[in-house]
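Keep the structure open as you read.

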Amino acid sequence: MTDFTARRTIMVDTQVRPSDVTKFPIIDAMLSIKREDFVPSTLREAAYMGENLDLGGRRVMLEPRTLAKMLDALDVAPDELVLDIGSGYGYSSAVIARMAQAVVALEEDEALAADAQTALMDAGADNVITHVGPLGEGAAEHGPYDVIVLQGGVSHIPEAILTQLKDGGRIAALFVDGALGEVRIGYMLDNRMSWRRAFNAGAPVMNGFERHDKFQL
């Protein structure tokens, strides 16, 4: 029988801590949340690998290192509301829920969202709301948000997403250009966004976050 508890510890000790992630709430959440319960049954054995897990349709479950470093850079506080875009089977939302006051888990695939809701309930993550809708539109009715996290690659972020950030809010996004990608943290101050580079990572670009360059003569 697989010892997933041991695998969680190994994941934190070999993938998270060596990436300079030392904040206790992140370490505690990743040691506590059963990652194997938030993947399809066919991927349970691969749940703790140090790479993105393919969920199909250009969607992935981000590798533990990427998620942990995003959360480290965002520094989520216990009184904050977080929008988790592309939450998939709900793992990232379950982790964030242990740091934030509440999380809105946005997923456009209804079957994925239903599975996520079950897994989140089983994990006792009762401060997570599962919201079904297009990823590129966000979930304005529950906002505005202190923090927004994007669980996949982007080449462009729709204005509709940025307008759901509170003044003083932060957003983590993995900008992809060809085979290369880097996570940037955006800050909303006085209705203007400023960005800083955080670290390199990779993931497919999610639906709704592609760049559509206009043709000009």
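This is a predicted model. Start with helix α2, which spans residues 24–32. Four of its residues, I26, I27, A29 and M30, are buried. Look down the axis of α2: these buried residues fall within an arc of 165°, so they line one face of the helix. What do the buried residues of α2 pack against? They pack against three helices: α1 (4–16), α3 (64–74) and α4 (91–97).

Now turn to α1. Here F4, R8, M11, V12, Q15 and V16 are buried. Around the axis they cover an arc of only 110°, so they sit on the same side of α1. The cover over the buried residues of α1 includes α2, α3 and α4. Look also at the start of α1. There, a side-chain oxygen of D3 comes to within 3.3 Å of the backbone nitrogen of T5.

The largest pocket has a volume of about 200 Å³. Its lining is made up of S32, I33, K34, D37, F38, V39, Y89, R98, D115, A119, D122 and A123. Which helix gives the most to this lining? Helix α5 (residues 110–122) does, with 3 residues. By class, the pocket lining divides into 6 nonpolar, 1 polar and 5 charged residues.

A search of the whole structure finds 1 cavity of 30 Å³ or more. The largest cavity has a volume of about 120 Å³. It is lined by 14 residues, and V60, M61, L62, S87 and S92 are the closest to its centre. Two elements, β2 (59–61) and α4, each give two or more residues to the cavity lining. That lining has 8 nonpolar and 6 polar residues, but no charged ones.

Move on to Q164, in the loop between α6 (159–162) and β7 (165–177). Is Q164 buried or exposed? Its relative accessible area is 7%, so Q164 counts as buried, the cut-off being under 20%. The side chain of Q164 reaches the backbone nitrogen of A139 at 2.9 Å. Leaving out residues up to four places away in sequence, Q164 touches L83, E137, G138, A139, A140, P144, Y145 and I148.

P144 is found in the loop between β5 (128–132) and β6 (145–154). The peptide bond from G143 to P144 is cis, with omega near 5°. Most peptide bonds are trans, and most residues other than glycine have a negative phi.

Phi of D20 is near 65°, a positive value in a residue other than glycine. D20 is found in the loop between α1 and α2, and its relative accessibility is 62%, so D20 counts as exposed. D75 is not a glycine either, yet its phi is positive, at about 55°. D75 lies in the loop between α3 and β3 (81–85). With 46% relative accessibility, D75 counts as partly exposed.

Notes: Residues are numbered from 1 along each chain as its sequence is written. This is a predicted model: local features need pLDDT of at least 70, side-chain atom pairs count only at pLDDT 80 or more; totals for chains, interfaces and linings use all residues. Side-chain values use heavy atoms; hydrogens and water are left out. Buried means under 20% relative accessible area, exposed over 50%, partly exposed in between (1.4 Å probe, protein chains only). The arc is that of the directions from the helix axis to the C-beta atoms. Contact means heavy atoms within 4.5 Å. On a 1 Å grid over the protein atoms alone, a cavity is a set of points where a 1.4 Å probe fits but cannot get out, and a pocket is an open set with protein on both sides within 12 Å along at least five of seven lines; lining residues have an atom within 4 Å of a point. Grid points are joined across faces, edges and corners, and a volume is the space filled by probe spheres set on the points. Ala, Val, Leu, Ile, Met, Phe, Trp, Tyr, Cys and Pro count as nonpolar, Asp, Glu, Lys and Arg as charged, and the others, Gly among them, as polar. A polar contact is a pair of N or O atoms within 3.5 Å; within protein, one must be able to donate a hydrogen and the other to accept it, and residues adjacent in sequence count only if both atoms are side-chain atoms.
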